[in-house]
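Here's a quick briefing on a protein model, built around one residue pair and what surrounds it. Have a look at the structure first, then read on.

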Amino acid sequence: MRHRSIRAAALALGLGLAGTAMAQDKQGDVNVFLDGGIGGYTGDLGGLTATGPTWGVTLNLQPYKMLGFEVGYDGSKNDVTDDRFRAAEAPSFIRHGANSLVKISPPFEKVRPFVGAGLGISYVSANGEATGPYESDIMEEVPLAAGIEFNAGALTAGIRGTYRILVDDNFADAAVPGDASGGLLDTSLTVGGRF
C-alpha cells in the first residue's frame, strides 16, 4: 500500500511538472501581428509604378519549434508613373490579398530567423481619374519570405522581406507590348502578441 502511495505521489508530481513545462511551451504557439512597410513591383510592372506603402495582419501558428504556418491579409498601394499620365491624375494600384505561408526556422525562442513559402490570391484595382490601359484584376501569388522575429513573453516583433511571384498579372498587359511581367517585393516591420 505504501509503495502504491509513493507511485501515485510520484505520478502526480510528474504530471504536475509536465503540465507546467507544457504550459510554458504553449506561450507563443499562436501569434497575431500587424505589419507595415514599403514595397514595389519589379520587371515590366516596376517600370510603370512607384514604391508605396504596404500593410497587413497575420495569424501565425507554431505547432513545432522549427515549423510554423501563417494565414493573413495584406495590402499595398503603388502610384502609376507612366509618362502618358503626366497631364492627368495618374491612377494607382490598390491591392488586397489573402495568403498562407509555411515557415521553417531553427529551434530558437527569443530570436528566430525564418524562411517561408506559400500561396496567395490578390485583387488589384486601378483607381484614378484616368486608368487608360490599366484594369482591375484577380491574380494568384507565390509568396517567398525571409526574416527574423524577436520574442519576449507575450510580445513579438520582427522584420521580414517578401517577394511575391505574380501569376495571371493581367492588370497592366495593355500598357506594354506583350504581357507585362514582374513580381512584388516588400519589406515590413511586424509587431503583435503571443498566446
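Y41 and F93 are both buried in this predicted model; the cut-off for that label is under 20% relative accessible area. Both also turn up among the residues with the most contacts inside the largest nonpolar core. That makes the two of them a handy place to start.

**The aromatic pair**
- The structure has one aromatic pair, and it's Y41 with F93, sitting edge-to-face at 6.3 Å centre to centre with 80° between the planes.
- Y41 belongs to strand β1 (residues 30-41) and F93 to strand β4 (residues 92-104), so the pair ties together parts that are 52 residues apart in sequence.

**The core around it**
- Leaving out residues up to four places away in sequence, Y41 touches G46, T49, N78, F93, R95, V124, L166, F171, G183 and L184.

**Strand β1 and its partners**
- On one count, β1 pairs antiparallel with strand β2 (residues 52-64) over 10 bridges, and G36 stands opposite W55 in β2.
- β1 also runs antiparallel to strand β8 (residues 183-194), with 11 bridges joining them; there, D35 has T190 as its bridge partner.

**A charge over a ring**
- K103 lies over the face of F114, at 4.5 Å from the ring centre.

Notes. Residues are numbered from 1 along each chain as its sequence is written. This is a predicted model: local features need pLDDT of at least 70, side-chain atom pairs count only at pLDDT 80 or more; totals for chains, interfaces and linings use all residues. Side-chain values use heavy atoms; hydrogens and water are left out. A nonpolar core is a set of buried Ala, Val, Leu, Ile, Met, Phe, Trp, Tyr and Cys residues joined through side-chain atoms within 4.5 Å. Buried means under 20% relative accessible area, exposed over 50%, partly exposed in between (1.4 Å probe, protein chains only). Contact means heavy atoms within 4.5 Å. Rings of Phe, Tyr and Trp (its six-membered ring) pair if their centres lie within 6.5 Å; planes under 30 degrees apart count as stacked, over 60 as edge-to-face and the rest as tilted. Helices (H or I, at least four residues) and strands (E, at least two) are DSSP runs, numbered from the N terminus. A charge sits over a ring if NZ of Lys or CZ of Arg is within 6 Å of the ring centre and within 35 degrees of the ring normal. Two strands pair if DSSP finds at least two bridges between them.
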